[in-house]
2 protein chains.
Amino acid sequence: MTIFDEATAVTLASPGRYQVRPDERFALVAPGGATPPAVNGGVMVATLLRAVLDTSPHPYPVATSAHFLRVPLLEPGEVEVTWLKQGRTAATARAALVQDSQIVLDVTVTTGSLPEDPLANGELTWTGEPPQLPPIEECVNLGPWRGTVGADGTAGYAAHVDLRMDPATTGWRRGEPSGVPEMRGYFGLREQRDPDAYLLAVAVDALPPVVFGLGAAGWAPTVELTWHMRAVPAPGPLRVAARCRHVSGGWFDEEAEVWDGAGRLVAQGRQLARVGRSARRPGPA
Amino acid sequence: MTIFDEATAVTLASPGRYQVRPDERFALVAPGGATPPAVNGGVMVATLLRAVLDTSPHPYPVATSAHFLRVPLLEPGEVEVTWLKQGRTAATARAALVQDSQIVLDVTVTTGSLPEDPLANGELTWTGEPPQLPPIEECVNLGPWRGTVGADGTAGYAAHVDLRMDPATTGWRRGEPSGVPEMRGYFGLREQRDPDAYLLAVAVDALPPVVFGLGAAGWAPTVELTWHMRAVPAPGPLRVAARCRHVSGGWFDEEAEVWDGAGRLVAQGRQLARVGRSARRPGPA
């Protein structure tokens, strides 16, 4: 079993109720340690998706919307799953992570089928232009970046994901933000594990916050994130391109597209997040 | 009281429970009348938002995610609101429209504040390029378009909204789809009513389905729609630009941006929908 599968595991406690434990191996620790460690939002969503898919009549989470209410504690919690509809084409469930009798993360998931080969059945098929990334060997191995290292400097999120960033989007690391709120890079785990729906849930929230490109710094907590799974990913690193359309009043949006090794658009996400309050510039940890 | 405010009204029945009635004046009727009329999804979301905002500690629905489970019936229903968190910066509620003991529409809403003038307080502010539309007088008054007229040919959704489309995106009306899944137009009501959060909920789902640009036809039911309110809209018609990134397996996404008369990005939406099954080409009703 991989570290990622361990970290997102759920254990059936009773019908519709699952025991989980947010895992410090995917935690983010704010510089200075002023706030408690927070597990990466995508990893938490992946955990709840496991609970939902355990009893889903359809195999894939085609639409997942998540509202992040509180910072998950690094201690046991319970996921409660309630099916709202189970239909022929789609089924919809609510799932909530509860810790200390409070909802930490609330998701609504619509599951459905995705075609193995949409071209084979003559259905309408169309895809926009893919993002342009340099070859992976020309990209920047992000290593531990500020806000992603564990308490001991290595054990958190950054130690378990492999991010290779388009150098055009990494000027913030040396105090020279590009002035454009975009991030692009290759994403995978450091351990050997092929992408699936659970890893796509992480990929849509895997890159540094797009506002780092505007000189913002600090932890940028996600308030709401919705992602759509569009195809079953092929093995290999995922290409992720994220952009922003608007920043104001402390809110910013981040739209991420995820393309697989076979050149297919496999996931789309959009989140609304808060601009980090830290006055420090982002940079290497 | 305007027709739109009447159609989206809620009446408090008991704490957290509101009586509503999906309104035929914003209904869509599929050509041939084979399926029952469905009220426009945005109008239904606006109705649920009224129930949520009735007891919200914050004034604006900054993030609303909606999963559409069943076709609303044109008869009374009940909206149940449950607050999951009420915090200083944001509050989150679930709301569900229930008819005949079944959930028809399930939304999760995070409310918050939006700045009157983000430039005034020195916060980080940035906006991408606005969509390019021709002047409104050069746009196509869509009038009643297939799928949007009421049972008597005039009384439904199309009779109550004022859509002026960029002619570059209306070739489908004469059987000549552009080949690009994009729609752009000016949106308002036919009656005099300034935009607000409720009307933005409609604007993000107001245009003809983007897949009409690829030659698809028929009703394209929304499965999931999430939208973010980014600013309080100024009076006047809204500019709406929608695009699609991927169509396959009967699923397509539609991303809409809404800009106000003062040139500000006021709302962003993305939905996952089903490609219509009708074999008929779209066109004038």
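Colleague: How many residues does the contact take from chain A and from chain B?

Modeller: Happy to start there, with the reminder that this is a predicted model. Chain A and chain B bury about 5,300 Å² between them, with 54% of that on carbon and sulfur atoms. The contact takes 62 residues from chain A and, from chain B, 62 residues.

Colleague: Which strand gives the largest share of the side of chain A that touches chain B?

Modeller: Polar contacts between chain A and chain B come to 37 residue pairs, both residues being at pLDDT 80 or more. On the chain A side, the largest share is 7 residues, and they come from strand 17, residues 265-274.

Colleague: What residue of chain B does A:Arg230 form a salt bridge with?

Modeller: Across the interface of chain A and chain B, the rule finds 8 salt bridges. In the one formed by A:Arg230, the closest N and O atoms are 2.8 Å apart, and the partner is B:Asp253.

Colleague: Why is helix 2 of chain B described as largely enclosed by the rest of the structure?

Modeller: Helix 2 of chain B covers residues 41-53 and reaches 18 Å from its first C-alpha to its last, close to the 18 Å expected. At its start, a side-chain oxygen of B:Asn40 comes to within 2.9 Å of the backbone nitrogen of B:Gly42. Buried means under 20% relative accessible area. Helix 2 of chain B is largely enclosed because its buried residues number 13 of the 13.

Colleague: And what percentage of the residues in chain A are buried?

Modeller: Chain A has 3 helices and 17 strands. Its accessible surface comes to about 10,500 Å². Of the 285 residues in chain A, the buried share is 61%.

Definitions and conventions:
Residues are numbered from 1 along each chain as its sequence is written. Chains are lettered from A and ligands numbered from 1 in the order in which they are written. This is a predicted model: local features need pLDDT of at least 70, side-chain atom pairs count only at pLDDT 80 or more; totals for chains, interfaces and linings use all residues. Side-chain values use heavy atoms; hydrogens and water are left out. Helices (H or I, at least four residues) and strands (E, at least two) are DSSP runs, numbered from the N terminus. Buried means under 20% relative accessible area, exposed over 50%, partly exposed in between (1.4 Å probe, protein chains only). Accessible areas come from the Shrake-Rupley method with a 1.4 Å probe; for residues, only the protein chains shown count as cover. The expected span of a helix is 1.5 Å times one less than its number of residues. A polar contact is a pair of N or O atoms within 3.5 Å; within protein, one must be able to donate a hydrogen and the other to accept it, and residues adjacent in sequence count only if both atoms are side-chain atoms. Contact means heavy atoms within 4.5 Å. Buried area is the accessible area (1.4 Å probe) that two parts lose on being put together, summed over both. A salt bridge is a side-chain nitrogen of Lys or Arg within 4 Å of a carboxyl oxygen of Asp or Glu.
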